[in-house]
Amino acid sequence: MIIRQMNVSDLEEVARIEKVSNPEPWTYADFEDSLAKEDGTILMLIAVDEVSNQIFGYLVLYTASGESEIVTIAVAPDFRRRGIAEGLIEEVLDISQKSSLYIEEINLEVRFSNEPARKLYEKCGFEIVGQRPNFYHNPKEDAILMKRIVNA
């Protein structure tokens, strides 16, 4: 598996994975709009098989003034529980340490009921810092706010 920057040719498969992974999915246009922004505030990564170029998963990170947010992350159902999401998060952490993308902290929201994701984020060093009542709508559910300090 390799992790690389997302490009336009990846969007159809990324949107398909998003649709089967999230009850309130981003659309193809959402990914396309984010990819089109060239202001250095968005990091869009995919995990792919280096031989077949099959996309296993992706992560989208927005950054502003040292604070970042993982706005969407997913792994194709057939490839879950193989360390792919963890690899994507570790790549973001690595990039934040080595590049001009200055990040002090990374934030995210996760559904209260999504225990596997919450455990993954805790394993990656994220801590629960709050809760947003009724944040999600399909179905209605609270969001757990999590944060990881990267460069203090």
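Leaving aside residues up to four places away in sequence, phenylalanine 31 touches Met6, Leu11, Val14, Ala15, Glu18, Trp26, Met44, Tyr58, Val60 and Thr72 (contact means heavy atoms within 4.5 Å). The model is predicted: local features need pLDDT of at least 70 and side-chain atom pairs count only at pLDDT 80 or more, while totals for chains, interfaces and linings use all residues. Residues are numbered from 1 along each chain as its sequence is written, and side-chain values use heavy atoms, without hydrogens and water.

Phe31 is among the residues that touch the most other members of the largest nonpolar core, which has 44 residues; the others are Met6, Ile70, Ile89, Ile106, Tyr121 and Phe126. Such a core is a set of buried Ala, Val, Leu, Ile, Met, Phe, Trp, Tyr and Cys residues joined through side-chain atoms within 4.5 Å, where buried means under 20% relative accessible area (1.4 Å probe, protein chains only).

**Paired strands**

Strands here are DSSP runs of E, at least two residues long, numbered from the N terminus, and two strands pair if DSSP finds at least two bridges between them. β7 runs antiparallel to β5, with 7 bridges; Asn107 stands opposite Lys147 in β7. β6 also pairs with β7 in the antiparallel sense over 7 bridges, and Arg132 stands opposite Ala143 in β7. A hairpin of 2 residues joins β6 to β7.

**Lining of the largest pocket**

β4 gives the largest share of the lining of the largest pocket, 7 residues.

Definitions and conventions: Buried means under 20% relative accessible area, exposed over 50%, partly exposed in between (1.4 Å probe, protein chains only). Helices (H or I, at least four residues) and strands (E, at least two) are DSSP runs, numbered from the N terminus.
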